[in-house]
Amino acid sequence: GTNRIISSIRTSKAIPFRMAPLIFVSTVITHLFGGSAGREGAALQIGGSIGSSIGKVLKLDEKDIHIITMCGMSGVFSALFGTPITATIFSMEVISVGVLYYVAFIPCLVSAYISLHFAEHFGIKPEAFSIRHIPKADIETIIRVVILSVLCAGVSMAFCFIINKTTKLYKRYLSNPYLRAAVGGMVVVLLTVLVQTHDYNGAGMDVIAKALGGEARYEAFLLKILFTVISISAGFKGGEIVPSFFIGSTFGCIFGQLIGLPAEFTASLGMVGVFCGVTNCPIASLLIGFELFGYQNAYYLLIVTAISYMLSG
């Protein structure tokens, strides 16, 4: 998983090349059959595996293998999301909380932009959203944004805590990983039948788009947490970042409706705030906000990322 990639950059632990095809196949299976997971975990794992393997073929030293592993992570992340600036910084920032690996800056930047243009050549469009209504930066609005930021930190903490606890419970009572996957899959199927919608299966990008348009169900973020926790804890692959986008955007949308701020505006802030709380990457979170939504609400994005990072631990 992603932790193995991160550990390989911190230490001399090797990454097998077989990780790339196995993660690719398992992530496709997860999405195809309705597992609630993202794509970025697969991106980091596939990119890291390819980068590390290329480093071994070129007989690079340990330091340069770490750098080329990060290049692979940036490349696949950029190709998937169309956010090369975020992809460059995220790979440098996610390795250690509070530490940036500046030596990888130029290599990761080159990798991210080459991957972006390669993806565009094959018709993969970058993600981008337009926020039409951005309120004036008065004290009342700022206070509401601060409250949203605090709540985003709380939601992200709850999400991470529940995933960790559920993973331990799965392993305690279902030691066989295949049995865990079977039980988790059956629970996802039953939940899907109960809620009578496929909104919470897969990545949920269509629901994110609706939330950023000002439309979300009140229970959406809670149900996405439930579906994602069951899927990922059971061993299905894909990652938690796109689900954090879903959770944050729907939660922010509902928050805006309740307090009288434009729902698409608070959805964008909620999306970035929960992403920041889950990843502990404030700079990458700020940058992905700029790349996805533009710079018009940069002031508010800065507030959200700062507070969510500080409070989420």
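Me: A cavity is a set of points on a 1 Å grid over the protein atoms alone where a 1.4 Å probe fits but cannot get out. How many cavities of 30 Å³ or more does the structure hold?

Reply: One. This is a predicted model, in which local features need pLDDT of at least 70 and side-chain atom pairs count only at pLDDT 80 or more, while totals for chains, interfaces and linings use all residues. Residues are numbered from 1 along each chain as its sequence is written, and side-chain values use heavy atoms, with hydrogens and water left out.

Me: What is the volume of the largest cavity, and which residues line the largest cavity?

Reply: Its volume is about 50 Å³, that is, the space filled by probe spheres set on grid points joined across faces, edges and corners. Lining residues have an atom within 4 Å of a point; here they are Phe81, Glu127, Phe129, Met205, Phe245, Met271, Ile288 and Leu292. Seven are nonpolar, none polar and one charged, where Ala, Val, Leu, Ile, Met, Phe, Trp, Tyr, Cys and Pro count as nonpolar, Asp, Glu, Lys and Arg as charged, and the others, Gly among them, as polar.

Me: What makes a space a pocket, and what lines the second largest pocket?

Reply: A pocket is an open set of points with protein on both sides within 12 Å along at least five of seven lines. The second largest pocket holds about 380 Å³ of space. Of its 16 lining residues, Phe24, Arg39, Ile46, Val76 and Leu80 are the closest to its centre. The lining has twelve nonpolar, three polar and one charged residues.

Me: Is Cys108 buried or exposed?

Reply: Buried means under 20% relative accessible area, exposed over 50%, and partly exposed in between (1.4 Å probe, protein chains only). Cys108 is at 0%, so it counts as buried. Cys160, at 27%, is therefore partly exposed.

Me: How many aromatic pairs does the structure hold, and what makes the pair of Phe90 and Phe275 one of its kind?

Reply: There are 13. Rings of Phe, Tyr and Trp (its six-membered ring) pair if their centres lie within 6.5 Å; planes under 30 degrees apart count as stacked, over 60 as edge-to-face and the rest as tilted. Phe90 and Phe275 are 6.1 Å apart, centre to centre, with 35° between the planes, and the pair is tilted. The pair links helix H5 (residues 84–93) with helix H12 (residues 263–279), 185 residues apart in the chain. Phe90 is buried at 1%, as is Phe275 at 0%.

Me: Why is the pair of Phe221 and Phe251 called edge-to-face?

Reply: The ring centres are 5.0 Å apart and the planes meet at 70°, so the pair is edge-to-face. Phe221 lies in helix H10 (residues 220–233) and Phe251 in helix H11 (residues 241–259), 30 residues apart.

Technical notes: Helix = DSSP H or I, 4+ residues; strand = E, 2+ residues; numbered from the N terminus.
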